[in-house]
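Please look over the sequence and the model shown here before reading on. The report that follows goes through a few parts of the structure one after another.

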Amino acid sequence: MAGFTEKSPYKQPVGDPDTYQMLDGQQENIEFLPGTSMRIWYTHRGTSYPEHWHAAMEIILCVNEHYECVAEGETYTIAPGDIMIIPGGIVHSLAPARDCNGFVYFLSLDFIENIRSASCVMTSLRHPVYLTQNGLPALHLAVTTLLEQMRSAYFSDNELRELLVDSYTLQLVERLLNHNLREPENSHSRVDKQQEYKAIFSKVAQYIDQHYAEPLCIEDVAAHFGLSKYYFSRLFKKYLHCPFNEFLTLRRLKAAEVMLMKPEMSIADIAYGSGFGSNSSFSRLFHEHRGCSPSEYRKAFVISG
């Protein structure tokens, strides 16, 4: 499997077995395996990808030589066995060394949004994660094993392939969230109090998920849960990993992305329907977080019939 090859030993289960992803400007459209939220590519052509982004999470597993990846202003050298996890929406580049090969996984996490206990996915997994065998050995081993299982199911003709690959995606997200949300040991913190606040802010995330389209403000939400604004703000950032306003904006943008898939909806209707107070603020925040305008996003991801 090592070394540069012209023909891939891993044929895609659907479509042209020798096809590979192409960029359209900075945006990359991912064609997932039908019935799943996944696409896996074996990189063997030595193709470099300049700065680009996509809605799906990307996972790079190096097998031979190394990749150079730049994300959020930091350069990573992904050596054999290393794993790079890049959340959706992050602009990044990827350049393989000569004779480099490995696997690139694209995972859409949209289907996870309907699972209550995973409501914090979008805020907990906001930055790149670089895993090495020596850095976080237990997490690295768990993720490596799941990626191998995904790959085995994906490239098989198992009649349960679609079920298997999505189940491995759920397990992978659970491992990452469990690691990210684990509290540092603190002898002065009461474990029961921490568990109480975790439960409260899980409900807070669900509340925002249900009411994001309304004119929410931190004072009202804090009062709804019986907490002062100051205390609520501090605990919100601790347990949901970002400030209240940013969390609310991210949730509204996610709703807007779904609405942009509906050609019959106007940009103005989407702006108000997703909770933004005006079309201008919606367009500004969308461009700030997604690197393009709502109209450009729609053109890139909506396939016209």
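Which are the buried residues of helix 9? They are Ser-281, Phe-282, Leu-285, Phe-286 and Arg-290, where buried means under 20% relative accessible area, exposed means over 50% and partly exposed lies in between, with a 1.4 Å probe and protein chains only. Seen down the axis of helix 9, these buried residues fall within an arc of 130°, so they line one face of the helix; the arc is that of the directions from the helix axis to the C-beta atoms. The face of helix 9 that is turned away from the buried side carries the exposed residues Ser-280, Arg-284 and Glu-288.

The model is a predicted one, in which local features need pLDDT of at least 70 and side-chain atom pairs count only at pLDDT 80 or more, while totals for chains, interfaces and linings use all residues. Residues are numbered from 1 along each chain as its sequence is written, and side-chain values use heavy atoms, with hydrogens and water left out.

**The protein as a whole**

The secondary structure of the protein comes to 10 helices and 9 strands; helices (H or I, at least four residues) and strands (E, at least two) are DSSP runs, numbered from the N terminus. The protein has 305 residues, of which 46% count as buried. Its accessible surface comes to about 15,500 Å², and 51% of this belongs to carbon and sulfur atoms, the areas being computed by the Shrake-Rupley method with a 1.4 Å probe, and for residues only the protein chains shown count as cover. Among the contacts (heavy atoms within 4.5 Å) with a separation of 6 or more, 72% are between residues 24 or more positions apart.

**Two helices**

Helix 9, residues 279-290, has 12 residues and reaches 16 Å from its first C-alpha to its last, close to the 16 Å expected at 1.5 Å a residue, where the expected span is 1.5 Å times one less than the number of residues. Helix 9 is followed by Gly-291, whose phi is positive, near 75°. The 17 residues of helix 7 should span 24 Å at 1.5 Å a residue, and its end C-alpha atoms are 24 Å apart, which agrees. Helix 7 is mostly covered, since 14 of its 17 residues are buried.

**Aromatic rings**

A pair of aromatic rings is described by the distance of the centres and the angle of the planes. The structure holds 17 aromatic pairs; rings of Phe, Tyr and Trp (its six-membered ring) pair if their centres lie within 6.5 Å, and planes under 30 degrees apart count as stacked, over 60 as edge-to-face and the rest as tilted. Two of these pairs are set out below.

| Pair | Distance of centres | Angle of planes | Kind |
|---|---|---|---|
| Tyr-154 and Phe-155 | 4.9 Å | 80° | edge-to-face |
| Phe-236 and Phe-247 | 5.5 Å | 90° | edge-to-face |

The second pair links distant parts of the chain, with Phe-236 in helix 6 (residues 229-240) and Phe-247 in helix 7 (residues 244-260), 11 residues apart. Both Phe-236 and Phe-247 are buried.

**Residues in loops**

Glu-65 is found in the loop between strand 3 (57-64) and strand 4 (67-71), and it is partly exposed, with a relative accessible area of 37%. Although Glu-65 is not a glycine, it has a positive phi of about 60°. Glu-65 and Ala-97 are 32 residues apart in sequence, yet their C-alpha atoms are 6.4 Å apart in space. Not counting residues up to four places away in sequence, Glu-65 touches Ile-78, Ala-79, Pro-80, Ala-97, Arg-98, Asp-99 and Cys-100.

Glu-72 lies in the loop between strand 4 and strand 5 (74-78). Its phi is near 50°, a positive value in a residue other than glycine, and Glu-72 is partly exposed, with a relative accessible area of 47%.

Leu-216, in the loop between helix 4 (191-211) and helix 5 (218-224), is buried, with a relative accessible area of 15%. Residues that Leu-216 touches, not counting those up to four places away in sequence, are Tyr-207, Ile-208, His-211, Val-221, Leu-248 and Arg-252.
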